[in-house]
Amino acid sequence: MGSRLGGGEPKAFAYVHGRSILTRSLETIISSGVASTIVVAAPEDFLFRAREEIDAVTKKWECEISITAVAGGSDRAESVQIALKHIGDAEYVLIHDAARCLTPPEVFVRVVAAVRSGAEAVVPVLPMIDTVRRAVADPAVGAEPEVLRGDLDRSLLRRVQTPQGFRAATLVRAHAQHRVDGEPATDDAGLVERLGTDVVAVDGHEEALKITYPFDLILGEQLARMHDEMDACKAARDADGAGSDARTDDRGAPR
Ligand SMILES: C[C@](O)(CO)[C@H](O)COP(=O)(O)O
C-alpha cells in the first residue's frame with residue numbers, strides 16, 4: 001500500500017518524473033529481456049488501474065510477453081503466494097519490489113545468470129556504509145528512549161535488494177513452509193534460507209533504491225529525470241545520425 005510514502009494511494013501509482021512507479025518497473029523488466037511472464041500483485045481496489053497501465057506499457061513496447069495483474073494479499077508473503085499461482089510452468093521466478101523502479105536492467109540480468117547457473121536463490125546486495133548498532137529498550141525507563149548495545153560488524157552485513165531470483169519449485173516450497181510456521185519475514189530469500197538452502201549474493205545497485213519515504217521520491221525523481229534526459233539526448237543524436245538505431249533509447253525502449 002505504500003503508507004510510509006503518504007499520498008493516499010498505493011505507491012506503485014505515484015509518479016516519478018512523469019511515469020508511475022509501476023510503469024517504470026514494468027518497462028525496466030521488459031527492457032532487461034529476462035521475463036517471459038510478469039505477474040503484478042496489486043491491491044484489489046486498484047486492479048483496474050494496474051491493468052490500464054499494463055495495457056499502455058504493452059502497447060508502447062509492442063510487447064509479446066504475458067503481463068497480468070492479480071489482487072494481492074494482506075501482506076507481502078501472501079501477495080507473493082497468490083502471484084506464484086499464475087507463473088505457469090516457469091522454472092525460474094524473480095520477485096521484485098515495484099518500489100525499486102529505477103533498478104538498472106543489468107541487475108535483472110545478473111540475478112537471472114546466477115539462478116541459471118545453478119543457485120537456488122539469488123539476491124542483489126550492497127555493502128553497509130553506516131555504523132550499525134543494536135537498539136534495546138532502556139530497562140531503567142521502560143520502552144523509551146532506546147539505548148544502543150554493541151556494534152555489529154558491518155563488513156559482514158549486506159543491504160538486500162530486489163529482484164530476488166529463485167528456482168520456482170524452491171520458492172513455492174519456502175512459502176508452503178511459511179504458511180505452516182507463520183514466522184514473519186521481510187523478504188522471500190529469508191524464507192528460502194529457513195529451508196536450509198543457501199542464498200547467493202550478486203552485486204546490487206545504488207539506483208535500485210526502494211522508494212519508501214517522501215525523500216526517496218525526491219531522489220528517485222532526480223535520478224529518473226537524469227536518465228530520461230540522457231535517453232532524449234541519445235534519441236536526438238540517433239535521429240541525426242543515419243544508420244543508427246533511432247527506434248530505441250539507451251535502455252532499448254521504443255520511442
Ligand atoms: C524485499 C526487500 O526489498 C529487501 O530489502 C524489503 O525487505 C522490502 O521491504 P518492504 O517493507 O516490504 O518494503
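Me: What is the handedness of the crossing of helix 1 and helix 2?
Reply: In this predicted model, helix 1 and helix 2 (residues 47-60) pack with their axes 10 Å apart, at an angle of about 40°. That angle makes helix 1 oblique to helix 2. The crossing of the two is right-handed.

Me: How many charged residues does the contact of helix 1 with helix 2 have?
Reply: Helix 1 contributes L22, T23, L26, E27 and I30, and helix 2 contributes A50, E53, I54, V57 and K60. By class, the residues of this contact divide into six nonpolar and one polar, and the charged ones number three.

Me: Which residues of helix 4 meet helix 1?
Reply: Helix 1 passes helix 4 in a right-handed crossing. On the side of helix 1, the residues are T28, I29, S31 and S32; in helix 4 they meet P105, F108 and V109.

Me: How many charged residues are in the contact of helix 1 with helix 4?
Reply: The contact of helix 1 with helix 4 has four nonpolar residues and three polar ones. The count of charged residues there is none.

Me: What is the handedness of the crossing of helix 3 and helix 5?
Reply: Helix 3 (residues 76-84) and helix 5 (residues 168-181) have axes 11 Å apart and pack at an angle of about 135°. Angles over 145 degrees count as roughly antiparallel, so helix 3 and helix 5 are instead oblique to each other. Their crossing is left-handed.

Me: Which residues of helix 5 make the contact with helix 3?
Reply: By class, the contact of helix 3 with helix 5 divides into five nonpolar, three polar and one charged residue. Helix 3 supplies A77, V80, Q81 and L84, while helix 5 supplies L171, V172, H175, H178 and R179.

Me: Which residue meets R24 in a salt bridge?
Reply: Side chains of opposite charge can pair when their charged atoms come close. A search of the whole structure finds 12 salt bridges. One of them has an N to O distance of 2.6 Å and joins R24 to D228. The pair links distant parts of the chain, 204 residues apart, with R24 in helix 1 and D228 in helix 7 (residues 214-240).

Me: Is the peptide bond from T162 to P163 cis or trans?
Reply: Most residues other than glycine have a negative phi, and most peptide bonds are trans. P163 lies in the loop between strand 9 (158-160) and strand 10 (164-167). With omega near 10°, the bond from T162 to P163 is cis.

Me: What is the phi of H17?
Reply: H17 lies in the loop between strand 1 (15-16) and strand 2 (19-20). Although H17 is not a glycine, its phi is positive, at about 45°.

Me: What pLDDT does the protein average?
Reply: Where pLDDT is low, the predicted coordinates should not be read in detail. The model scores ipTM 0.98 and pTM 0.90. At least 70 is the score of 92% of the residues, and the protein averages a pLDDT of 91.

Notes:
Residues are numbered from 1 along each chain as its sequence is written. This is a predicted model: local features need pLDDT of at least 70, side-chain atom pairs count only at pLDDT 80 or more; totals for chains, interfaces and linings use all residues. Side-chain values use heavy atoms; hydrogens and water are left out. A crossing is left-handed if the near helix is turned anticlockwise from the far one by less than a right angle, and right-handed if clockwise. Helices (H or I, at least four residues) and strands (E, at least two) are DSSP runs, numbered from the N terminus. Contact means heavy atoms within 4.5 Å. Ala, Val, Leu, Ile, Met, Phe, Trp, Tyr, Cys and Pro count as nonpolar, Asp, Glu, Lys and Arg as charged, and the others, Gly among them, as polar. Axes are lines fitted to C-alpha atoms, for helices over the stretch in contact, and angles run from 0 to 180 degrees between N-to-C directions. Angles under 35 degrees count as roughly parallel, over 145 as roughly antiparallel, 65 to 115 as roughly perpendicular and the rest as oblique. pLDDT is the predictor's confidence in each residue, from 0 to 100. A salt bridge is a side-chain nitrogen of Lys or Arg within 4 Å of a carboxyl oxygen of Asp or Glu.
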